[in-house]
Amino acid sequence: MGSSGVAALDRLVGDSDPMRLVKSRIAKVARGMAPVLVRGESGTGKELVARAVHACSQRSDGPFVAVNCGAIPENLLEAEFFGAKKGSYTGSSQDRDGYFQAARSGTLFLDEIGDLPLAMQSKLLRAIQERSVRSIGSTQEEAVDVRIVSATHKDLHAEVQAGRFRQDLFYRLNVIEIAVPALRDRREDLPALCAALLARIAQDGGLPVPHLSAELLRRLALHPLEGNVRELENLLHRAVALNDGDELHLDLMGGNVATTMAAADVASVTPSQLAPRSDAPASATEPKPAPVAEFKPTPPPLPSDLQAYLDQQEREILVRALHESGFNRTAAAARLGMSLRQIRYRIARLGITTPNGDDGASSHVDD
Ligand SMILES: Nc1ncnc2c1ncn2[C@@H]1O[C@H](COP(=O)(O)OP(=O)(O)OP(=O)(O)O)[C@@H](O)[C@H]1O
Ligand SMILES: [Mg+2]
C-alpha cells in the first residue's frame, strides 16, 4: 500500500474493534476491482471509507469522482453520468464528459445510491455490466475502466423489497460490503475522535488546539450523538467558535433538541435554555386568525444541523459548477463570483476531489 493509502486509513480515527475491522477490510478489498458498497448511518464516515478504498488501491493515482446520486435533477442524470455530444441537448456547445469518463482509471463513488431513480438504475446497471458507456447523442460505445464504490444510509434490501431498487443492480453493487459502525457502537473511540477533530478544526481556523477537558468528554459521552461523527464534529466546531479562551463549552441544545432532551443529559440543561423564547408572542394577547391551514404550504422541516445542511448545499453547488466548467476551477470560481483562492479554500474545506488537481485547462473535457 502506498503512502496515500496509509494516510487515508489514518484519517479514519478510531481503534475500537469495529473500526479495526473496517480498516482491515478496506485494505483487503482495495486491491481488487470488485464493486464495494459502503453502508452506514448518516455521518458515520462512509465517504472517508470510500476515499480510503480508492487511496489504498492501485488506482490511487487516478481520479476519485464523488457523485451524490440524490442531488442531480432526474432529467440531467444520463448526461451527467455518461456525458453528452456537442449540440445533443440545449446549451451544449461542446462535448462533455460524464462521471464515468471523468473517473477513468480511477474510482467512481456513487454516494446515496439508494436515491437513484429506477430508470437511471437500469442505465447504470448496463454501464457496469458492459463496462462501457454511450454519451448522449453518440452512436459509439466507449469502454470505461472505473471501479465502482457506492454508499447508502438506506437499507437497500428493504428498498429492493419495496420495489424501489433493482435487485440485479443491488447484487452488482454489493459484491463487497463494508458496514461502517454507528458512533454509539464504538463509544471508546470518542476521546481519540474528539482530539483528532479538535486538532483539525483548530488547524483549519489557524487557532491553537483547545484543551479537551474530562468534563467535556463526560458530557459528550452522555449525549446520544445520533448524527454520529458529523454531529460530533459540528458540536466541536461550535464549541471552538464560542470558545472564550479558558475552557471549551458544549452547546448541546444546538443539536437535535428532541433527542437531546430524551437523553440522560437533561440534568445539565440550564432552566433558561428550557424557557420559551421571550420574543414569542403570548397566545392570549392575539386573537387567532380564521383557519387557513389548507392554503398554507407546509414548510420543510428545519434542518437538525444547520451547518451540515449548509455544507451540503455548498458542496452540491460547487460540484455542479466544477462539473459544468469541465473541472476548471478558475472558470467555476468566475461563475460563482469568487476568486480562485476562495474556491480552492472551499473545495479543500469540503473535501471535494476533482479529476485534475491543478487549475489549468481541463485535460479531459476542454479538448
Ligand atoms: N472515523 C472518523 N475519523 C475522523 N473523522 C471522521 C470519521 N468518520 C467521519 N469523520 C468526519 O465526519 C464527517 C462525516 O463523515 P462522512 O461525510 O464520511 O460521513 P457519511 O457517512 O458520508 O455522512 P452522510 O451520511 O452525512 O453523508 C466528515 O467531516 C468526516 O471527516
Ligand atoms: Mg456522505
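Here are some questions and answers about this predicted model.

Q: How many helices and strands are there in the chain?
A: Let's start with the overall build of this predicted model. Both kinds of element occur in the chain, and the count comes to 16 helices and 7 strands.

Q: What percentage of the residues in the chain is buried?
A: A residue counts as buried when its relative accessible area is under 20%. The chain has 367 residues. Of these, the buried share is 43%.

Q: What share of the contacts with a separation of 6 or more joins residues 24 or more positions apart?
A: Here we look at contacts in the chain whose partners have a separation of 6 or more. Within that group, residues 24 or more positions apart account for 72%.

Q: Which residue forms a salt bridge with E41?
A: Side chains of opposite charge can pair when their charged atoms come close. The side chain of E41 has such a partner, with N and O 2.8 Å apart. E41 lies in the loop between β1 and α3, while its partner lies in the loop between β7 and α9, so the pair ties together parts that are 143 residues apart in sequence. The partner of E41 is R184.

Q: Are E41 and R184 buried, partly exposed or exposed?
A: Partly exposed covers the range between the 20% limit for buried and the 50% limit for exposed. E41 has a relative accessible area of 30%, and R184 has 38%. Because both values fall in that range, E41 and R184 are partly exposed.

Q: How many residues apart in sequence are the parts that E142 and R104 tie together?
A: E142 and R104 form a salt bridge, with their closest N and O atoms 2.9 Å apart. E142 belongs to strand β5 and R104 to the loop between α5 and β3, so the parts they tie together have a sequence separation of 38 residues.

Q: Are R186 and D189 buried or exposed?
A: These two side chains meet in a salt bridge, at 2.8 Å from N to O. R186 has a relative accessible area of 2%, and D189 also has 2%. Since buried means under 20%, R186 and D189 are buried.

Q: Which residues are linked with D311 in a network of salt bridges?
A: A search of the whole structure finds 23 salt bridges. Some of the charged residues are linked in a network, and D311 is one of them. The residues linked with D311 are E314, R346 and R349.

Q: Which residues is L124 in contact with, leaving aside its neighbours within four places in sequence?
A: Once the neighbours within four places are left aside, the contacts of L124 are F81, F82, F100, L110, I113, L116 and L169.

Q: What is the phi of S105?
A: S105 sits in the loop between α5 and β3, and it is partly exposed at 41% relative accessibility. Although S105 is not a glycine, its phi is positive, at about 55°.

Q: Where does R131 lie?
A: R131 is another residue to look at, with a positive phi near 55° although it is not a glycine. Its relative accessible area is 52%, so R131 is exposed. R131 lies in the loop between α6 (118-130) and β4 (132-133).

Methods: Residues numbered from 1 in each chain as written. Chains lettered and ligands numbered in written order. Predicted model: local features only at pLDDT ≥ 70, side-chain atom pairs only at ≥ 80, totals over all residues. Heavy atoms only, no water. Helix = DSSP H or I, 4+ residues; strand = E, 2+ residues; numbered from the N terminus. Buried < 20%, exposed > 50% of the residue type's maximum accessible area, 1.4 Å probe, protein only. Contact = heavy atoms within 4.5 Å. Salt bridge = Lys/Arg side-chain N within 4 Å of Asp/Glu carboxyl O.
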